[in-house]
Amino acid sequence: MSQMIKPSQASLNRKARRAKLSRRDSAATTWGKGFVVKLVLMAIVNALGIYIVFTAFGVGSTALAALMIVLLVALDWVYFSRKTLALKYLAPGLVFLLIFQAFVILYTAYIAFTNYGHQHTLDKQSAIESILLQNSSQRVPDSPQYPLVVVEQNGELGFAVIDPDEKVIKAGTATQQLTEVDGTFTGSKITEVEGYRIVALSELGKRQNEVTQLRVALSDDPDEGAIGTQTGTVGYQFISTVKYDAQTDTMTDISTGTVYHANDNTGFFEADDGSTINVGWRVIVGFANFAKGFGDSRYAQPFLQVLIWNVIFALMSVITTFLLGMVLAIVLNDERLKGRKLYRTLLLLPYAFPTFMTAFLFAGLMNRSYGFFNQVLGVEVPWLTDPTMAKVSIILVNLWMGFPYMFLIVTGALQAIPGELTEAAKIDGASPFQAWRNVTLPQLMISLTPLLIASFAFNFNNFNLIFMLNGGGPRMSDASVPVGHTDILISMVYKIAGLTGEAAPNYGLAAAMSLVIFLIVGSVSLYSFKKSKSLEVM
């Protein structure tokens with residue numbers, strides 16, 4: 001006969017706690033004040049989510065819309081179910097992690113394997129429409145005249161016309177076809193267009209080329225052509241000088257007869273002689289961006305130099321700021337020092353000042369010709385123009401900006417160390433330095449090592465300081481790409497992406513190099529965190 005096993009007291013206590021939490025959770029899932037508050041908050045979340053879903057569908061992003069629907073259903077289930085107490089607390093953090101971390105990393109990885117960049121920003125269908133619209137330079141004979149005004153919306157020029165058949169106002173831009181809008185007109189003169197600003201005739205003279213080259217599609221059918229103007233007051237129908245054949249997937253130049261075949265490997269329409277139409281589309285290129293970034297000497301040679309400097313900069317930033325912050329924290333931790341609160345407040349002022357403003361301020365102070373430092377010294381020190389001096393200057397500026405943070409966290413860590421440990425060391429005959437070396441420092445490192453690792457990761461990608469202080473200069477004379485001696489990897493990627501205007505945009509290459517930076521920082525941080533655990537058992 002089997003003997004019945006009685007549940008332990010610990011097991012009974014766990015069941016009691018679960019029952020208590022379940023009752024507390026059920027109070028928030030039944031009608032009451034808590035439930036009403038939750039219902040309102042979830043209604044706001046769902047409204048925002050539905051808006052994102054419709055917006056995603058509107059721009060053709062079906063995948064994003066589907067993911068948003070799944071996320072909304074999951075959130076509603078979590079917050080209206082009685083069986084998901086733990087997830088109610090975890091859900092906000094998980095959502096932010098998915099949106100701001102996982103999605104960004106995955107999308108960057110996707111871009112890294114595409115040719116997304118100059119001439120390849122569109123999908124194929126949009127590229128076809130853009131080619132047909134841009135080549136709408138042949139005026140349709142005997143086309144009707146459209147009374148027209150040049151308008152502007154969000155910085156983009158467009159046309160507003162009076163439809164001669166329907167007698168209504170239609171407006172659009174280079175990226176948006178003509179659609180009916182509310183407005184007023186007298187005879188053939190348009191006086192108001194809702195949602196647009198009518199550009200004055202005095203302003204058109206400065207933007208004449210932009211106006212005469214502008215084409216606005218008549219409809220979503222590319223064969224109907226577009227509206228163009230030469231005077232800014234009368235529009236005519238123009239048709240494209242190229243024609244697209246969907247069956248053969250080719251573009252034909254009507255004037256020359258040249259046939260361009262779609263090349264889905266390069267994302268261009270190419271002729272037999274190798275010439276291409278200047279608008280392409282995004283395609284998957286595999287590891288081509290990685291091969292270009294680390295196999296092409298134009299990028300590989302400066303990449304190695306920048307990587308070495310990047311590591312030195314991150315290490316020196318952590319070491320210098322930590323040492324200065326720790327020394328000041330130890331000095332101001334002495335209770336015999338009068339006015340400690342005032343001194344601590346003054347030392348925190350650089351930390352309270354905006355980072356980019358501090359960088360701009362030092363850029364002026366270190367100007368070689370009229371900077372304050374050189375005027376005081378009476379010499380022209382090349383603080384930011386000499387390669388070596390520029391690197392030293394960046395580390396010094398970062399020391400000024402970063403030591404208050406280290407001072408703050410070391411002060412907190414020192415106050416958390418039991419005073420009995422230091423007193424015991426002194427009783428055993430240890431000198432002040434020995435007590436600090438064998439008692440205080442180990443205790444500090446246990447609590448501060450994770451923060452030092454995080455500081456290394458931050459400084460490894462400290463784009464603001466580099467870009468705001470001297471833009472990564474001075475430029476490397478032997479590099480064929482726009483890279484400077486003080487550029488770190490992230491600022492180099494910024495320049496390669498073409499965001500400074502010095503190079504053609506190449507977002508695919510920039511994304512590939514960003515992934516490498518992520519792997520470097522992630523690997524170093526993971527290794528450091530594993531090593532830091534050994535300090536806790538020492």
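Helices here are DSSP runs of H or I with at least four residues, numbered from the N terminus. With that in hand, select P474: this residue sits in the loop between helix 17 (463-469) and helix 18. One thing to keep in mind as you click around is that this is a predicted model.

**Stop 1: a cis peptide and the helix after it**

The peptide bond from G473 to P474 is cis, with omega near -5°. Most peptide bonds, by comparison, are trans.

Next, move along to helix 18, residues 489-496. To highlight the buried ones, pick L489, S491, M492, V493, K495 and I496. Just after helix 18, click on G498, where phi is positive at about 85°.

**Stop 2: the annotated spans**

Now colour by annotation. An unreviewed UniProt entry gives "domain: ABC transmembrane type-1" for residues 307-528. That span is 72% helix and 0% strand in the model, and its end C-alpha atoms are 19 Å apart.

The unreviewed UniProt entry also carries the feature "transmembrane region" at several places, including residues 35-57 and 89-113. Select residues 35-57 and you get 100% helix and 0% strand, with 32 Å between the end C-alpha atoms. Residues 89-113 come out as 96% helix and 0% strand, and there the end C-alpha atoms lie 36 Å apart.

**Stop 3: a nonpolar patch**

Which helix supplies the largest share? That is helix 4, with four residues. Zoom in on F103, which lies in helix 4. F103 has a relative accessible area of 44%, so it counts as partly exposed.

**Stop 4**

Jump to F185 in strand 6 (residues 183-186). F185 is partly exposed, at 33% relative accessible area. Beyond its neighbours within four places in sequence, F185 is in contact with I162, K167, I169, I190 and T191.

Show the backbone next. Strand 6 pairs with strand 7 (residues 189-193) in the antiparallel sense, over four bridges. Within that pairing, T184 stands opposite E192. The two strands make a hairpin with two residues between them, and G187 in the turn has a positive phi of about 65°.

**Stop 5**

Most residues other than glycine have a negative phi. Two exceptions are worth a click.

- N154 has a positive phi of about 55°. Find it in the loop between strand 2 (146-153) and strand 3 (156-162). With 81% relative accessibility, N154 is exposed.
- D249 also has a positive phi, near 55°. Its turn belongs to the hairpin of strand 12 and strand 13, which has four residues between the strands. Those strands run antiparallel, joined by four bridges, and Y244 stands opposite M251 in strand 13.

**Stop 4: salt bridges**

Over the whole structure there are 13 salt bridges.

For another setting, select D163 and K170, which form a salt bridge at 3.3 Å, N to O. Are these two buried or exposed? D163 and K170 are both buried.

Finish with E203 and R207, bridged with the closest N and O atoms 3.4 Å apart. Salt bridges that share partners tie E152, R197, E203, R207 and E210 into one network. E203 itself is partly exposed, with a relative accessible area of 24%.

How values were computed
Residues are numbered from 1 along each chain as its sequence is written. This is a predicted model: local features need pLDDT of at least 70, side-chain atom pairs count only at pLDDT 80 or more; totals for chains, interfaces and linings use all residues. Side-chain values use heavy atoms; hydrogens and water are left out. Buried means under 20% relative accessible area, exposed over 50%, partly exposed in between (1.4 Å probe, protein chains only). UniProt positions are given in the numbering used here, feature names are shortened, and annotations may be inferred rather than shown by experiment. Contact means heavy atoms within 4.5 Å. Two strands pair if DSSP finds at least two bridges between them. A salt bridge is a side-chain nitrogen of Lys or Arg within 4 Å of a carboxyl oxygen of Asp or Glu.
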